[in-house]
Amino acid sequence: MATPRTALIIGASRGLGLGLVKQLRANGWQVTATVRDPQRAEALRQVPGVAIETLDIDDGSALQVLAGRLEGQVFDLLLVNAGIMGPADQSPAAVKAEALGQLFMTNALAPIRLAERLVGQVRPRTGVLAFMSSVLGSVACPEGNDKSLYKASKAALNSLTHSFFVEQLQDSGLTVLSLHPGWVKTDMGGDQAPLEIEPSCHGLVQQLERHAGLGGHRFIDYQGQTIAW
Ligand code: NAP
């Protein structure tokens with residue numbers, strides 16, 4: 001029997017992170033998944049065979065602890081899913097520095113810090129490092145301008161990902177993906193979203209599996225369509 005592929009999913013208590021864990025398990029992957037609060041890991045505990053770890057992605061010392069616990073493990077996939085929408089009023093005039101800092105820390109900086117810390121454990125050449133971005137992070141995207149700060153945080157994530165790729169990963173053969181899941185019914189996506197979690201995650205996992213070994217840094221959606229930066 002072939003050795004199962006291994007994944008580390010960051011931010012899997014609910015929504016797309018939880019959906020990705022379910023889909024990866026259904027496809028036979030071995031999964032380690034993190035939650036920021038173990039008290040709110042009930043839904044994830046219902047998925048059989050998942051190793052659950054704790055991480056608030058903004059917390060550098062918690063990242064060190066996690067890295068220590070995972071030492072020696074190799075992952076075919078490292079996917080940073082955790083993200084927030086930020087303040088309700090997203091006008092640059094209204095936002096307080098603290099709320100802006102929180103948004104950019106969680107959505108843009110912390111995912112890259114985590115990737116820098118753990119990328120050595122992504123399988124050389126065939127491994128995939130993925131970030132949950134959004135089409136709203138495309139500077140060319142005309143939608144969602146009432147969420148301008150969230151949009152900017154995902155554009156920043158894409159930019160930091162590209163710098164990280166060019167500076168450190170270009171010659172490694174690893175594939176780096178900035179992903180758009182579609183507009184999905186989750187706590188963040190809301191009830192109006194046209195797409196359910198299951199088809200989005202089915203598509204995302206298909207793309208993650210297809211792109212292994214291809215190398216490069218791409219910005220794609222859950223159906224594999226390329227998105228303009
Ligand atoms: P969600 O239902 O609000 O779930 C967000 C997840 O991120 C939760 O598991 C949450 O954990 C975790 N998280 C937030 N801050 C964290 C932190 N500091 N440390 C660790 N985990 C943290 O949102 P979702 O719709 O599933 O979104 C998942 C990702 O997809 C996000 O990056 C989002 O920007 C992106 N996205 C979503 C859509 C959409 O339509 N839904 C579209 C494009 C992109 P807790 O349970 O502890 O809060």
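I take a polar contact to be a pair of N or O atoms within 3.5 Å; within protein, one must be able to donate a hydrogen and the other to accept it, and residues adjacent in sequence count only if both atoms are side-chain atoms.

The model is predicted, and local features need pLDDT of at least 70 while side-chain atom pairs count only at pLDDT 80 or more, although totals for chains, interfaces and linings use all residues. Residues are numbered from 1 along each chain as its sequence is written, and side-chain values use heavy atoms, with hydrogens and water left out.

Entry: I looked up I57 and found a backbone N or O atom 2.9 Å from a nitrogen atom of the ligand. For R14, a polar side-chain atom lies 2.8 Å from an oxygen atom of the ligand, and a side-chain N or O atom of K154 is 3.0 Å from an oxygen atom of the ligand. The protein covers 96% of the 890 Å² of accessible area that the ligand has on its own (Shrake-Rupley method, 1.4 Å probe).

Entry: the shell. I counted 30 residues around the ligand, with S13, R14, Y150, V184 and T186 the closest (a residue is near if one of its heavy atoms lies within 4 Å). The shell divides into 11 nonpolar, 12 polar and seven charged residues, where Asp, Glu, Lys and Arg count as charged, Ala, Val, Leu, Ile, Met, Phe, Trp, Tyr, Cys and Pro as nonpolar, and the others, Gly among them, as polar.

Entry: the lining. I noted that 42 residues line the largest pocket, and that G83, Y150, T186, M188 and G189 lie nearest its centre (a pocket is an open set of points on a 1 Å grid over the protein atoms alone, where a 1.4 Å probe fits, with protein on both sides within 12 Å along at least five of seven lines; lining residues have an atom within 4 Å of a point).
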